[in-house]
Amino acid sequence: MAKILTVDDSSTIRRLLGAVLRGQGHDVAEAEDGVAALEWLAEHDRPDLLITDINMPRLDGLGLVEAVRSLDRHRDIPILVLSTEYSDEKQSRARKAGVAGWIIKPFAPAKLLHAVETAAA
């Protein structure tokens with residue numbers, strides 16, 4: 001199974017993601033925003049997948065994606081966005097930064113797991 005880093009400022013969403021993903025045997029780490037995610041990435045082995053929210057304090061999800069893509073060690077990590085936002089501008093920016101998929105909150109666990117399987121493959 002995959003090692004997945006989830007990034008969301010909502011502890012409820014992090015718990016829900018963790019429950020769904022761990023229920024399928026995935027190893028899940030959590031960060032509360034983009035800064036915490038970059039700190040985690042600097043201190044741990046490379047995850048197989050990163051799932052991030054967009055709107056977060058300190059460093060938002062799009063800034064996180066751009067920062068991860070600038071790091072040689074993590075440049076090719078598959079990244080999924082999980083957000084309540086669905087603007088064309090943000091999706092376009094995310095695609096240009098190399099996001100593998102976009103999931104709208106609230107999410108169906110089956111849809112999340114399908115996106116994870118596709119992105120982590």
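User: Leaving aside neighbours within four places in sequence, which residues is Leu-5 in contact with?
Analyst: This is a predicted model. Neighbours of Leu-5 within four places in sequence are left aside. The residues in contact with Leu-5 are then Ala-29, Glu-30, Ala-31, Ala-37, Trp-40, Leu-41, Pro-47, Leu-49, Leu-50 and Ile-51.

User: How many residues does the largest nonpolar core have?
Analyst: Leu-5, Val-7, Leu-41 and Leu-50 have the most contacts inside this core. Strand 1 (3–7), strand 2 (27–31), helix 2 (34–43), helix 3, strand 4 (79–83) and helix 4 each supply at least two of its residues. Apart from it lies another core, of 18 residues, including Ile-4 and Val-28. The count for the largest nonpolar core is 22 residues.

User: Why are the buried residues of helix 4 on the same side of the helix?
Analyst: The buried residues of helix 4 (residues 88–97) are Lys-90, Gln-91, Ala-94 and Ala-97. They lie on the same side of helix 4 because the arc they cover around the axis is only 125°.

User: Which residues are exposed on the other side of helix 4?
Analyst: The buried residues of helix 4 have a cover that includes helix 3 and strand 5 (101–104). Exposed means over 50% relative accessible area. On the other side of helix 4, the residues in that class are Asp-88, Glu-89, Arg-95 and Lys-96.

User: Is Asp-8 buried or exposed?
Analyst: Asp-8 sits in the loop between strand 1 and helix 1 (11–23). Its relative accessible area is 1%, and the cut-off for buried is under 20%. Asp-8 is therefore buried.

User: Which side chain makes a polar contact with the side chain of Asp-8?
Analyst: Leaving aside neighbours within four places in sequence, Asp-8 is in contact with Ile-13, Arg-14, Ala-31, Glu-32, Asp-53, Met-56 and Lys-105. A polar contact at 2.7 Å joins the side chain of Asp-8 to that of Lys-105.

User: What does Asn-55 count as, by relative accessibility?
Analyst: Asn-55 belongs to the loop between strand 3 (49–52) and helix 3 (61–69). Apart from neighbours within four places in sequence, the residues in contact with Asn-55 are Asp-9, Glu-85 and Lys-90. Its relative accessibility is 37%, so Asn-55 counts as partly exposed.

User: What separates the C-alpha atoms of Asn-55 and Gln-91?
Analyst: Along the chain, Asn-55 and Gln-91 are 36 residues apart.

How values were computed. Residues numbered from 1 in each chain as written. Predicted model: local features only at pLDDT ≥ 70, side-chain atom pairs only at ≥ 80, totals over all residues. Heavy atoms only, no water. Helix = DSSP H or I, 4+ residues; strand = E, 2+ residues; numbered from the N terminus. Buried < 20%, exposed > 50% of the residue type's maximum accessible area, 1.4 Å probe, protein only. Contact = heavy atoms within 4.5 Å. Arc of directions from axis to C-beta. Core = buried A, V, L, I, M, F, W, Y, C linked by side-chain atoms within 4.5 Å. Polar contact = N/O pair within 3.5 Å; in protein donor to acceptor, adjacent residues only side chain to side chain.
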